[in-house]
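Dear colleague,

Please find below the structure that I am handing over to you. My notes on what was found in it follow directly after.

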Amino acid sequence: MSNISAQLVKELRERSGAGMMECKKALVENSGDIDAAMEWLRKTGMVKAEKKADRIAAEGRIAAAQANGKAVLVEVNSETDFVAKAPNFIEFTNAVAEAALQASAGDIDAVKAAAFPGAASIEEAAKAQTATIGEKIEVRRAARVENAGPLATYSHGGKIGVIVALKGGSDELAKGIAMHVAAMNPPYVKAEDVPADFIAKEKEIALAAMSDKEKNKPADILEKIVSGKINKIVSEVTLVGQPYVLDTNVTVGEALKKEGADVVAVVRLAVGEGIEKVQEDYLAEVAKAMQG
C-alpha cells in the first residue's frame with residue numbers, strides 16, 4: 001500500500017467521480033495502476049445511496065434557471081466542496097434547475113417529484129448521483145418566482161443565488177438589483193417590512209448610548225435625534241435604502257424610482273444556510289484514509 005499516494009487517490013477521484021474511500025480501495029486492489037483501478041470501479045459499482053443517508057451534506061451549489069416569466073433557484077448539496085466544484089456535479093445541478101422549471105409548484109416536494117431526464121424524478125436522479133459519486137447528494141431547497149414584468153436571476157460562484165422580480169423598469173435593472181442582493185444580503189426590502197420590535201430595540205439602544213447632555217434636550221429635539229439614528233439604521237437594513245452596488249452615488253430606491261419601477265419579489269439562497277457544517281481539511285482527510 002506504500003506506493004498508493006494521496007495524490008494518486010485524488011487523481012482517480014477526479015477521473016471517476018467516485019468517493020475517496022472507493023478510490024483508495026480500487027487502487028489497493030490494483031497495485032496502484034490507475035487505469036486498472038478505473039476499470040475496477042466501473043465493474044464493481046459504487047456504494048449504495050442508502051449508506052450515505054446519515055451523512056451531512058452542507059456544501060454544494062445553487063443553480064438557477066429562467067424561462068417564460070418563471071425563474072427558479074435550487075440548492076443541491078454535497079458533502080465536500082471538492083465535489084461541488086466538479087464539472088459533472090455542476091452539469092447535474094444545472095439540469096436539476098431546468099427540470100425544476102417544469103415542476104407543478106415551486107415547493108421542494110414538487111421539485112423533487114418533477115420529471116428528470118433518464119430518471120423517474122429529480123429525487124431519484126439525486127440518489128443515483130449519490131451512488132455514483134460516493135457522497136450524499138441532496139436536493140434540499142427550491143424557490144420559484146413568476147412575474148409578467150422584469151425578472152432576473154443571478155448566481156455568484158454557485159454559492160449564492162438570487163431572483164428579483166420588478167413591476168416596471170427593465171430586465172437589466174432587475175439583474176443589477178439581484179447582484180446587489182447577492183453582495184449585500186439586505187434583511188428587508190422596504191422600511192415597512194422592518195419589524196416593530198426591531199425598531200423598538202434600536203430606539204432603546206440609541207437612547208442608552210446618548211450622553212446625559214443629549215438626554216436633557218427638549219423632547220421634540222430628542223425625538224428628532226433618535227428618529228435620525230433609526231432612519232439611518234433602517235436604510236442600512238433595507239434593500240431600497242442601501243447604496244446601489246452598481247452606482248453607489250444613488251440608493252437602490254433611487255435607482256428604482258428613476259425607471260419608475262418597484263420590487264415585486266426578492267429571493268436569496270446561499271449554500272448550506274441552516275446546516276451545521278463539519279469542518280474537515282481535505283488533504284488531512286486523504287492522509288488519514290491512507291493510514292487506515
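In this predicted model, three strands form an open antiparallel sheet in the order 4-5-8. Strands here are DSSP runs of E with at least two residues, helices are DSSP runs of H or I with at least four residues, and both are numbered from the N terminus. Two strands are taken to pair if DSSP finds at least two bridges between them. Strand 4 and strand 8 (262-270) are the edge strands, each pairing on one side only. On average, and with direction ignored, neighbouring strands of this sheet are turned by 15 degrees against each other; the axes behind this angle are lines fitted to C-alpha atoms, for helices over the stretch in contact, and angles run from 0 to 180 degrees between N-to-C directions. Six bridges join strand 4 and strand 5 in the antiparallel sense, and the bridge partner of His156 in strand 5 is Ile160.

As to the conventions, residues are numbered from 1 along each chain as its sequence is written. Local features need pLDDT of at least 70, side-chain atom pairs count only at pLDDT 80 or more, and totals for chains, interfaces and linings use all residues, while side-chain values use heavy atoms, leaving out hydrogens and water.

The structure also holds twelve salt bridges, a salt bridge being a side-chain nitrogen of Lys or Arg within 4 Å of a carboxyl oxygen of Asp or Glu. One of them joins the side chains of Arg141 and Glu75, at 2.6 Å from N to O. Because Arg141 belongs to strand 3 (residues 138-146) and Glu75 to strand 2 (residues 70-78), this pair ties together parts that are 66 residues apart in sequence. Glu75 is buried, at 0% relative accessibility (buried means under 20% relative accessible area, exposed over 50%, partly exposed in between, with a 1.4 Å probe and protein chains only).

A further salt bridge links Lys159 and Asp81, at 2.9 Å from N to O. Lys159 sits in the loop between strand 4 (151-156) and strand 5 (160-167) and Asp81 in helix 4 (residues 81-84), so the pair connects parts 78 residues apart in sequence. Lys159 is partly exposed at 28%, and Asp81 is partly exposed at 26%.

Lys201 and Glu204 form a salt bridge as well, with their closest N and O atoms 3.7 Å apart. These residues are three apart in helix 9 (residues 196-209), which means that about one helical turn separates Lys201 and Glu204. Finally, salt bridges with shared partners join Glu59, Asp81, Lys85 and Lys159 into one network.

Yours sincerely
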